[in-house]
Amino acid sequence: MAASPPQSKVSAWYQALRPRVFTATYVPMGLAGIVALDDGVFEAGVFLPALIGTLFLQSAANLINEYADYRRGADQLKQAGQGMTIKHKILEAASVLLGAILTTVAGSLIGLYLLAQSGPLLWLIGIGGVLVAVTYTAGPSPLAYNGLGEIAVAIFMGPAIVVGAYYVMSPAVTEARIGELCLISLPVAFMVSAILHANNIRDMEADRAVNKRTLAVIFGLRFARAEFIFLVIGAYVAQALVVAAGLMPSMTLLTLITLPEALRLINIFNTSTAVPLLHQAQGRTAKLHGQIGLLMVVGWSLSLVLPAA
């Protein structure tokens, strides 16, 4: 059943921006913040602009996705999904494109400000982030249309944000610590990729019809289901290994209380092809990502109050 069109321009823009997946920004930023606090380098004056700038770039990516998918016809056969405000004729394509440009510019300007506060590593992370936001569904060879979506999202909404946010607060960070930050961010990378992959499983038939070659389309439903299991369970396994390596406090394993929900979602994706149910499960995957991130931050915070934990 097609999603109901929003009732106003305000709700249409809200839908186009897709704020329920803003956890993809909040979680790695929160993780970077608590690690910096533990290391004694947290600086709110640069952390907050970094958070706002990253949210602008994620908004830009969502609006570009909205515009590019509509132009390529990827929305026409979808039964459910976020956005689709152009398809429902609530927002004009030109307005969404303008919104994408403005949010890209805003995020880039904040990035330039942060660059002045830090150092050259932010050039690599910032330029890479902007390029991924723009080329995810736009351009002659968009990442999402060529099986690269999960990889791009895992890198740039995981390690890149965690390292970048930490770096703007502590430009003198060592290469060894950067490597550790990448390992610490692995659970986030797995789960944010799972959000996208859940979306791709739901949209398999619609994507196949317009030659949007996601991994689910390329390798089929059986592979797609196995990949979802790998990504979700991989998040818990990666965190356990990071904790075992002493890079993350054991209190962060509070995340294990979310494991029953993870198993329920795996069961849904393994047994159902009903688009409305898969759409609901995709939203729950985004919530699970947010819950895991929140519990990691809460657990890490508790470890600072109770060092023996």
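This is a tour of a predicted model, stop by stop.

**Before selecting anything**

Residues are numbered from 1 along each chain as its sequence is written. Local features need pLDDT of at least 70, side-chain atom pairs count only at pLDDT 80 or more, totals for chains, interfaces and linings use all residues, and side-chain values use heavy atoms, with hydrogens and water left out.

**Whole chain**

Show the protein chain as a cartoon. There are 14 helices and zero strands. Helices (H or I, at least four residues) and strands (E, at least two) are DSSP runs, numbered from the N terminus. The C-alpha trace spans about 55 × 45 × 35 Å along its principal axes. The radius of gyration is 19 Å, which agrees with the value near 19 Å for a compact globule of 309 residues. That radius is taken over C-alpha atoms, and the globule rule is 2.2 Å times the number of residues to the power 0.38.

Switch to a surface. The chain exposes about 13400 Å², with 69% supplied by carbon and sulfur atoms. Areas come from the Shrake-Rupley method with a 1.4 Å probe; for residues, only the protein chains shown count as cover. Of the 309 residues, 56% count as buried. Buried means under 20% relative accessible area, exposed over 50%, partly exposed in between (1.4 Å probe, protein chains only).

Contact means heavy atoms within 4.5 Å. Among contacts between residues at least 6 apart in sequence, 77% join residues at least 24 apart.

**The cores**

Select Leu-31, Val-35, Ile-184, Phe-228, Val-232 and Leu-288. Within the largest nonpolar core, of 71 residues, these touch the most other members. Such a core is a set of buried Ala, Val, Leu, Ile, Met, Phe, Trp, Tyr and Cys residues joined through side-chain atoms within 4.5 Å.

Zoom in on Val-232. Setting aside neighbours within four places in sequence, Val-232 contacts Met-191, Ala-194, Ala-262, Ile-266 and Leu-288. Another core lies apart from the largest one; its ten residues include Ala-12, Ala-16, Leu-63 and Val-96.

**Aromatic pairs**

Rings of Phe, Tyr and Trp (its six-membered ring) pair if their centres lie within 6.5 Å; planes under 30 degrees apart count as stacked, over 60 as edge-to-face and the rest as tilted. The model has four aromatic pairs.

Select Phe-190 and Phe-230. This pair is edge-to-face, at 5.6 Å centre to centre and 70° between the planes. Phe-190 lies in helix 9 (residues 186-202) and Phe-230 in helix 12 (residues 221-244), so the pair ties together parts 40 residues apart in sequence. Phe-190 is buried at 18%, whereas Phe-230 is exposed at 53%.

Next, pick Phe-219 and Phe-223. Their ring centres are 4.7 Å apart with planes at 40°, so this pair is tilted. Phe-223 is partly exposed, at 36%.

**Gln-58**

Move to helix 3 (residues 44-72), which holds Gln-58. Gln-58 is buried at 8% relative accessibility. Beyond residues up to four places away in sequence, Gln-58 touches Val-21, Phe-22, Ala-24, Thr-25 and Met-157.

**Two positive phi values**

Arg-18 sits in the loop between helix 1 (9-17) and helix 2 (23-39). Its phi is positive, about 60°, although Arg-18 is not a glycine. Arg-18 is buried, at 13%.

Asn-211 is in the loop between helix 10 (204-209) and helix 11 (215-219). Asn-211 also has a positive phi, near 60°. Asn-211 is exposed, at 54%.

**Last stop**

Select Ala-244, in helix 12. Ala-244 is exposed at 68%.
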